[in-house]
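Subject: Structure handover

Hello,

Here is the structure for your files. My notes on it follow below.

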Amino acid sequence: MVDVLDNKRAATRFRILVQIAERQPAVSQGEIAEEVGVTSQAVSEYIRELVDDDLVEKEGRSRYRVTPEGVDWLFRTADDIRRFADHVTGDVLDAMSEAAYLATDDITEGDTVTLFVEDGLLHAKPGDEGPATGVATTDAEAGTDVGVTSFEGVMDLEPGSVTVLQVPAVRSGGSRAVDADLVAEHCEAADLVVTAGVEAVVACRQAGADPAVPFAAGETAAEGAERGLEVTAIVTTDEVGRVTDTLRDADVSYEVLEG
């Protein structure tokens, strides 16, 4: 267990150090006491200990500053808390929650099912031969949705990637300045085609490929790639940065090409 979650004194010490970092250098012990839920005298004692441990330095009356060592301790402790929270939400609560899957065959409530991703959709089939399994919470006919809980294992999934094809803005020629054959080639090779910008939608249609999603290109492309799809994003130059920022934040593999 993380110290600040297992030990009340460690938790209070962490919270007070956070308060100092947030308010420095002018620190009101009374305000911290009210925020943390302890007495001002207790805050004074904690601050004295933090100074003794070189996590806080005193600059004058009611003036304190978190030292580099204190910042490092806050980062390490926050990382520990984050990892514990990820464990709770990812390992504990996810196993208890219920999610909808597409039934590949008829399934009866209580059946053990194997879980996998196909064409970007979550699927469940009777049996436990796969690396990831769960228990059906509803009856379902083949091709319908089935509730699944009690997840175990990890689904075997190879992440996809995104090809971002730039289309000039209308002031620079728009869809008329695009190689339609190149657009068609990338759209045909993709599992999912998304667009951002009117010029991109027109370029896509002129190439004979109607985009599956004409908006929220970055978010949709990122989620598609995370589900194993190869995605082509046709994007006007004005929107490229916004799309690639989203892909980068999602840690999705992508390349940007000129249309």
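Asp251 counts as exposed, because its relative accessibility is 71%; the classes are buried under 20% relative accessible area, exposed over 50% and partly exposed in between, with a 1.4 Å probe and protein chains only. This is a predicted model, in which local features need pLDDT of at least 70 and side-chain atom pairs count only at pLDDT 80 or more, while totals for chains, interfaces and linings use all residues. Residues are numbered from 1 along each chain as its sequence is written, and side-chain values use heavy atoms, with hydrogens and water left out.

Backbone

Asp251 is not a glycine, yet has a positive phi of about 60 degrees. Its place is the loop between helix H9 (237-249) and strand E11 (253-258); helices (H or I, at least four residues) and strands (E, at least two) are DSSP runs, numbered from the N terminus. Asp54 also has a positive phi, near 65 degrees, and is not a glycine either. Asp54 sits in the loop between H4 and strand E1 (56-60) and, with 49% relative accessibility, counts as partly exposed. The peptide bond from Gln24 to Pro25 is cis, with omega near 0 degrees, and Pro25 belongs to the loop between H2 and H3. For background, most residues other than glycine have a negative phi, and most peptide bonds are trans.

Cores

A nonpolar core here is a set of buried Ala, Val, Leu, Ile, Met, Phe, Trp, Tyr and Cys residues joined through side-chain atoms within 4.5 Å. The largest one has 20 residues, and Ile16, Leu17, Ile20, Ile32 and Leu50 have the most contacts inside it. At least two residues of this core come from each of helix H2 (8-23), helix H3 (29-36), helix H4 (40-52), strand E2 (63-66) and helix H5 (68-96). H2 gives the largest share, five residues. Beyond its neighbours within four places in sequence, Leu50 is in contact (heavy atoms within 4.5 Å) with Arg13, Ile16, Leu17, Ile20, Leu55 and Val56. A second, separate core has 18 residues, among them Ala217, Ala222, Ala233 and Val240.

Cysteines and Thr232

The whole structure was searched for disulfides, meaning pairs of cysteine sulfur atoms within 2.5 Å, and zero were found. Cys187 is in no disulfide, and the nearest cysteine sulfur, that of Cys204, is 3.8 Å away. That distance is too far for a bond. Cys187 counts as buried at 6% relative accessibility, and Cys204 is buried with a relative accessible area of 0%.

Thr232, in strand E10 (residues 231-236), is buried at 3% relative accessibility. Not counting residues up to four places away in sequence, Thr232 touches Cys187, along with Thr163, His186, Ala190, Leu192, Val193 and Val194.

Pocket

On a 1 Å grid over the protein atoms alone, a pocket is an open set of points where a 1.4 Å probe fits, with protein on both sides within 12 Å along at least five of seven lines; lining residues have an atom within 4 Å of a point. The largest pocket holds about 210 Å³ of space, where the volume is the space filled by probe spheres set on the points, and points are joined across faces, edges and corners. Its lining consists of Tyr101, Leu115, Ala132, Thr133, Phe151, Glu152, Gly153, Val154 and Met155. Strand E6 (132-136) and strand E7 (145-153) each supply at least two lining residues, with the largest share, three residues, from E7.

Regards
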